[in-house]
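Student: Could we go through this structure together, question by question?
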There are 2 protein chains.
Amino acid sequence: MDRKPFVGAFARYLPILEWGPKYTKDALTNDLLAAVIVTIMLVPQSLAYALLAGLPAEMGIYASIVPIVLYAIFGTSRALAVGPVAVVSLMTASAVGKVAALGSIDYVTAALTLAFLSGLILLGLGLLRLGFLANFLSHPVIAGFITASGILIAMSQVKHLLGIKISGDTVPELVGQIITHLGQTNFYTLGLGVVGTGFLFWVRKGLKPLLRKVGMGARAAELLAKTGPVLAILVSTLVTWGFDLVGKGVQVVGEVPQSLPPLTAPSFSFDLMGSLLGSALLISIIGFVESISVAQTLAAKKRQRIDPNQELIGLGAANIGAAFTGGYPVTGGFSRSVVNYDAGADTPAAGAYTALGLAFAALFLTPLIYFLPKAILAATIIVAVLSLIDFSILRKSWVFSKPDFAAVSVTIFLTLVVGVEAGVSAGVLLSIVMYLYKTSRPHIAEVGQIAGTEHFRNVKRYDVITYPHILTLRVDESLYFANARFLEDYIYDVVAKDSKLIHVVLLCSAVNVIDMSALESLEAINERLKSTGVKFHLSEIKGPVMDRLSKTHLIADLSGQVFLSQHQAIEALKD
Amino acid sequence: MDRKPFVGAFARYLPILEWGPKYTKDALTNDLLAAVIVTIMLVPQSLAYALLAGLPAEMGIYASIVPIVLYAIFGTSRALAVGPVAVVSLMTASAVGKVAALGSIDYVTAALTLAFLSGLILLGLGLLRLGFLANFLSHPVIAGFITASGILIAMSQVKHLLGIKISGDTVPELVGQIITHLGQTNFYTLGLGVVGTGFLFWVRKGLKPLLRKVGMGARAAELLAKTGPVLAILVSTLVTWGFDLVGKGVQVVGEVPQSLPPLTAPSFSFDLMGSLLGSALLISIIGFVESISVAQTLAAKKRQRIDPNQELIGLGAANIGAAFTGGYPVTGGFSRSVVNYDAGADTPAAGAYTALGLAFAALFLTPLIYFLPKAILAATIIVAVLSLIDFSILRKSWVFSKPDFAAVSVTIFLTLVVGVEAGVSAGVLLSIVMYLYKTSRPHIAEVGQIAGTEHFRNVKRYDVITYPHILTLRVDESLYFANARFLEDYIYDVVAKDSKLIHVVLLCSAVNVIDMSALESLEAINERLKSTGVKFHLSEIKGPVMDRLSKTHLIADLSGQVFLSQHQAIEALKD
């Protein structure tokens with residue numbers, strides 16, 4: 001890059017310019033092999049997720065073609081596979097369901113528009129280098145949200161297993177509807193669904209050990225086990241066709257157009273865009289967070305680096321691509337990326353070859369899935385999402401951090417009973433409010449000297465030396481508007497109670513910022529202590545904080561002194 | 001209190017039980033004298049602020065009677081004088097003007113309702129001990145807001161000086177209207193207004209030195225100067241009556257009912273309450289912050305303590321009282337409280353005597369102000385609020401802290417051109433967002449040892465000893481969800497660039513909290529560094545943080561060690 005400044009400048013936004021020119025024959029072979037395996041896995045998965053989003057099955061495949069290619073050009077991960085994923089499909093169904101009727105043309109247009117808006121948001125955040133915003137979604141909130149979404153998704157597929165028609169966005173609604181309509185169960189559908197689900201579970205848990213036992217290598221067994229859903233689809237389609245189960249009420253995918261991804265356009269209606277904007281923002285952020293954690297996990301294994309802001313650009317391009325080629329919101333998926341990686345994909349070109357494979361499927365294979373039962377797609381989804389459900393975060397956060405536990409509980413509860421958007425928004429908001437509350441009441445410790453050392457520790461935790469006329473307080477938080485008055489109150493209280501005090505030392509080793517409000521509070525503390533005959537000292541102020549304080553009158557007006565170390569403070573004041 | 005547990009339990013909510021039984025004759029004399037002086041000052045001020053709020057003049061006096069008594073019972077400050085104040089009157093005009101027409105009965109009802117809601121909010125916050133919420137209003141945002149409000153208030157009174165009729169809530173609107181209507185200026189009004197304003201300015205700046213020169217004591221001169229507005233009112237009323245200026249178009253206060261505060265009731269309409277709720281919340285918080293800072297300033301001079309949550313209860317009771325006795329939102333005012341204090345008020349009983357004085361005025365003196373020109377009341381307001389205007393906060397914050405400067409600028413600008421509510425809300429929001437942004441990108445310093453000491457300092461600021469195979473990073477912020485990934489990225493970047501590294505030590509002396517997200521990030525860092533052959537160590541973890549970490553697997557799984565001090569870490573790892 002140093003020798004090619006022109007390419008270097010572009011390469012910042014076009015990572016393909018970095019790996020493209022160095023592409024080798026070996027890499028080509030690896031990428032092609034990975035592409036074949038991923039394609040086989042993606043066909044059923046894409047159909048299933050489209051069903052989950054309430055969209056025609058082919059849109060799931062379309063959403064995997066152009067977005068993959070665009071991500072290969074703009075993204076930084078070598079292994080990430082972009083396309084429809086379970087949680088984003090659920091969120092799409094929830095968002096689009098609010099503005100259009102299921103099955104209508106408007107519903108499809110709204111999904112395209114959602115992908116377009118989501119792409120614009122991601123692209124905008126990337127170009128403005130605002131990737132850090134995703135950090136406000138805390139790990140526990142995400143974990144809780146993914147778990148609750150997994151439950152919602154599984155519940156939403158039960159209707160396909162039973163062959164009944166219901167609608168609902170929350171667990172109470174879904175449960176109520178399922179119970180009400182239980183009498184309409186189609187037993188052919190139920191039979192297919194139960195057998196399919198059982199088979200897929202077995203493929204997941206039992207097939208790999210079996211293949212190993214018959215002498216297959218570990219990696220080959222792993223990959224072959226991933227093709228289980230294809231087998232389920234083939235057999236169930238043949239059975240449905242052979243026994244004319246459609247005539248017995250089994251719902252099938254039906255006619256799917258034989259076509260490359262069509263050119264489509266999102267709606268540019270401001271009304272529609274306005275009502276989808278909030279959902280698009282949430283989908284973008286959830287999708288980004290899911291995608292980047294997959295990308296970073298895989299990159300770390302090869303000591304590669306992921307640039308979060310460039311990832312936003314890559315995902316943005318992929319979603320805008322989806323909007324114009326018959327897709328819906330996409331992101332980097334965990335299972336498909338892991339398969340891609342395990343299958344040996346070397347460069348993003350593997351994604352491009354996968355796109356070719358899917359295009360081939362869209363053109364030539366769609367007539368073959370006419371008789372594919374929806375119950376089998378539902379079984380695929382259920383088996384896939386059950387691995388998302390993990391309540392251990394509740395126990396872990398209960399032990400480690402009650403505020404995190406509160407955020408997780410609220411997120412899970414609201415996602416299940418109110419909806420995905422309410423759940424994740426409340427989780428984020430609650431995390432921020434609790435953090436602010438915590439910092440507004442900082443931990444303040446009185447400290448003393450550990451005999452024979454220069455170390456100062458909390459008088460409540462260590463056996464330390466203190467002096468009756470000196471009070472040293474260590475405040476364990478940056479001083480800013482939310483806690484400035486708390487500190488004032490705290491110090492006035494202590495001083496009012498102790499008439500022997502002559503010196504108050506504020507030990508600032510944990511103070512990383514002092515803002516204007518805190519500065520005024522320190523000035524007020526200084527003035528008030530002075531008027532009661534107590535001197536106010538500061539010690540161990542950090543470099544950047546001292547730089548700022550030295551521009552103010554505080555230091556000059558201080559009734560006491562500023563000490564570089566607490567040890568110096570005690571040496572100077574103890575007599 | 002120890003010997004009287006029954007009284008003690010009540011005294012928490014009824015501070016009067018503490019000072020009441022100890023009331024002495026001396027205190028009575030002091031309180032009575034203060035009450036006389038404050039009453040004389042409050043009559044014109046109350047009339048003027050009612051005018052500012054767009055309400056009948058007598059409501060200003062009513063708002064000073066019962067609220068003062070209720071605050072005396074429930075409040076903790078010995079010197080605070082509660083009643084209408086400039087900023088809250090402006091906010092009342094702005095809030096009520098949105099739901100009712102100026103001069104209508106609905107306008108009065110809305111003002112009563114606003115006081116009632118505001119009282120309920122204050123009382124609720126106090127009982128729930130949520131006084132800390134006010135801390136999220138930073139000093140610079142308040143300073144900016146008060147300054148901008150002062151300008152708005154002064155501008156809003158110009159119409160009374162000119163004798164023209166205009167309306168407007170923002171500076172651009174007011175300026176436009178004044179210019180448009182300049183031709184309608186009434187010169188008798190303008191003459192009164194200009195002379196009045198000039199006289200009041202002179203009273204403020206020149207009278208006290210003059211009185212001192214003729215031999216008067218400092219305190220007496222100070223207090224006499226405060227009665228200047230009464231003189232202006234007497235003279236201007238006589239002039240207006242004697243020269244029949246009403247016939248020449250001068251607007252006067254007119255008929256004011258002779259009555260004790262009437263029993264009134266707020267509206268209990270949910271619609272009205274709903275539309276006033278946001279404004280009531282802002283008024284409550286602004287009023288509380290203004291009041292508590294006055295109370296604390298005065299209390300500190302006598303080493304008395306103010307309980308913020310009890311103050312909320314006191315102000316809540318005062319506002320609910322205002323709603324039922326013909327008042328409008330009230331709070332502790334700066335100028336009246338200072339006068340009360342300077343006049344020697346010893347206990348809250350001084351407030352009760354002031355209330356008696358005002359009740360007397362409301363019953364017997366109102367006919368005397370029929371001919372009081374509104375221009376003189378406007379002059380009183382303008383002279384009073386000009387002392388609120390202080391742009392020095394812009395310069396100070398520019399020098400000390402750019403985020404604070406941004407918050408102040410936005411607050412001032414939006415208050416002036418959009419309105420009081422938009423201004424203060426934006427200021428608060430911006431402060432919080434900037435604080436979160438700052439903590440999401442913490443300062444991380446590489447540190448080394450200062451030769452011959454156990455101190456470790458930033459390699460960029462000090463000449464320190466480092467080792468090529470050890471990297472010690474000091475992160476100057478608590479680790480939580482918003483910066484956990486930033487830390488991960490930072491460490492991976494450094495490690496990827498430096499192949500000689502064997503040990504990474506995270507110096508945690510400034511880490512006050514580690515939440516669940518940060519714990520997971522630390523676990524991820526540990527795992528990833530381990531997979532690249534680098535050991536991860538922690539040093540100087542604070543007590544409360546270590547307590548939490550010891551409940552997790554992190555410590556057991558750590559590839560490196562946990563060191564009590566950084567010095568021990570270097571001693572152990574340097575060879």
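Tutor: In this predicted model, local features need pLDDT of at least 70, side-chain atom pairs count only at pLDDT 80 or more, and totals for chains, interfaces and linings use all residues. Residues are numbered from 1 along each chain as its sequence is written, and chains are lettered from A, with ligands numbered from 1, in the order in which they are written.

Student: Which rotation superposes chain B on chain A?
Tutor: Copies are superposed by least squares on the C-alpha atoms of residues with pLDDT of at least 70 in both. The shift along the axis is 0.0 Å and the RMSD 0.1 Å, with a rotation of 180°. That is therefore the relation of a two-fold axis.

Student: Which residue of chain B comes closest to the rotation axis?
Tutor: Taking the C-alpha as reference, the closest approach in chain B is at 2.1 Å. The residue is B:Ala510.

Student: How are α4(A) and α13(A) oriented?
Tutor: Helices here are DSSP runs (H or I, at least four residues), numbered from the N terminus. The axes of α4 (residues 57–74) and α13 (residues 308–324) of chain A come within 8 Å and cross at roughly 150°. Because angles over 145 degrees count as roughly antiparallel, α4(A) and α13(A) are roughly antiparallel.

Student: How far apart are the C-alpha centres of domain 2 and domain 3 of chain A?
Tutor: Domain bounds come from an automatic or database domain assignment, which gives chain A domain 1 (25–403), domain 2 (404–440) and domain 3 (444–573). Between domain 2 and domain 3 of chain A, the C-alpha centres are separated by 36 Å.

Definitions and conventions: Axes fitted to C-alpha atoms, helices over the stretch in contact; angles between N-to-C directions. Helix = DSSP H or I, 4+ residues; strand = E, 2+ residues; numbered from the N terminus. Parallel < 35°, antiparallel > 145°, perpendicular 65-115°, else oblique.
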